[in-house]
Amino acid sequence: MKYKFLAFATLFLASLSVYAELKVGFVQVDKILQEAPQTIESNKKLEKEFSSRTDKLKADIKTLKEKEAAFSKDVLTMKESERATREKGLAQFRVDVQRTERELKEDINIRRNEELGGLQDQINKAVTAVSKAENYDLVVYSGVAYASPSIDMTDKILKSLGKK
């Protein structure tokens with residue numbers, strides 16, 4: 001019985017020495033997504049791509065507000081038929097503006113997700129390259145309850161992605 005315990009204790013201590021040599025790293029993906037130069041470049045690209053549609057939507061919203069203000073100002077002096085016609089026209093214009101806004105948001109989200117997918121590939125490649133270069137045995141991403149700053153390799157990944 002003593003020998004079984006001694007053998008177990010020896011194996012346990014031997015396994016601890018293996019884990020003592022384990023090099024672990026931690027990466028804050030959300031920080032990388034906020035600070036990576038590729039993210040800034042992607043945001044500028046999307047802004048430029050959708051600027052004309054965004055500007056038109058802003059102009060339509062301004063026009064809608066002006067028409068609503070003019071309608072509410074003139075509503076008391078209008079004939080019933082004119083009021084109904086203008087009210088119907090305003091309601092249709094409001095629906096059109098809301099539809100345009102919804103479509104624009106959906107299109108922007110689709111493109112943003114496409115850009116994000118490419119950036120995630122770049123991040124994964126950078127993590128792999130840094131991990132191999134510095135002989136990490138295990139690297140974990142966000143979603144960890146706690147990670148010591150001593151194993152945080154986020155800044156190394158940002159540097160690898162081009163941020164100085």
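Modeller: Start with D96, which is partly exposed because its relative accessible area is 24%. The cut-offs matter here: buried means under 20%, and exposed means over 50%. This is a predicted model, and D96 is our way into one of its helices, α4.

D96 has a partner. Its side chain meets that of R99 in a salt bridge, 3.1 Å from N to O. R99 is partly exposed as well, because its relative accessibility is 36%. The general rule is simple: an α-helix has 3.6 residues a turn, so residues three or four places apart point the same way. Charge does the rest of the explaining, since side chains of opposite charge can pair when their charged atoms come close.

Move along α4 to another pair. K105 forms a salt bridge with E101, and their closest N and O atoms are 3.9 Å apart. Here the spacing is 4 residues, again about one turn of the helix. E101 counts as partly exposed, because its relative accessibility is 28%.

Now take a pair that leaves the helix. E115 lies in α4. Its side chain meets that of K45 in a salt bridge of 3.3 Å, N to O. K45 is partly exposed, because its relative accessible area is 45%. The link between E115 and K45 also counts as a polar contact, at 3.3 Å.

Setting aside residues within four places in sequence, E115 is in contact with S42, K45 and L46. K45, E49, R111, E114 and E115 are linked in a network of salt bridges. Across the whole structure, a search finds 15 salt bridges.

Charges also meet rings. The charged end of K23 sits over the ring of Y136, 4.6 Å from its centre. K67 lies over the face of F93, at 4.7 Å from the ring centre. Pairs of rings are another matter: a search of the whole structure finds 0 aromatic pairs.

Step back for the layout. The protein has 5 helices and 2 strands. Along the sequence they follow the pattern α-β-α-α-α-β-α. The helix α4 spans residues 80–133, and α3 spans 37–74. N135 has a positive phi of about 60° although it is not a glycine. Is N135 buried or exposed? It is exposed, because its relative accessible area is 57%.

How does α4 relate to the end of the pattern? Look at helix α5, residues 154–161. Its residues T154, I157, L158 and L161 are buried. They cover an arc of only 100° around the axis, so they lie on the same side of α5. On the other side of α5, D155 and K159 are exposed. And what covers the buried residues? The cover includes α4, along with β1 (24–26), α2 (29–35) and α3.

Take T154 as an example from that buried side. T154 counts as buried because its relative accessibility is 1%. Its side chain makes a polar contact with the side chain of D152, at 2.5 Å. Leaving out residues up to four places away in sequence, T154 touches F26, V27, Q28, K31 and I32. Just after α5, G162 takes a positive phi of about 120°.

Two totals complete the picture. Of the 164 residues of the protein, 21% count as buried. Among contacts with a separation of 6 or more, 80% join residues 24 or more positions apart.

Key. Residues numbered from 1 in each chain as written. Predicted model: local features only at pLDDT ≥ 70, side-chain atom pairs only at ≥ 80, totals over all residues. Heavy atoms only, no water. Phe/Tyr/Trp six-rings, centres within 6.5 Å; stacked < 30°, edge-to-face > 60°. Lys NZ or Arg CZ within 6 Å of the ring centre and 35° of its normal. Buried < 20%, exposed > 50% of the residue type's maximum accessible area, 1.4 Å probe, protein only. Arc of directions from axis to C-beta. Contact = heavy atoms within 4.5 Å. Salt bridge = Lys/Arg side-chain N within 4 Å of Asp/Glu carboxyl O. Polar contact = N/O pair within 3.5 Å; in protein donor to acceptor, adjacent residues only side chain to side chain.
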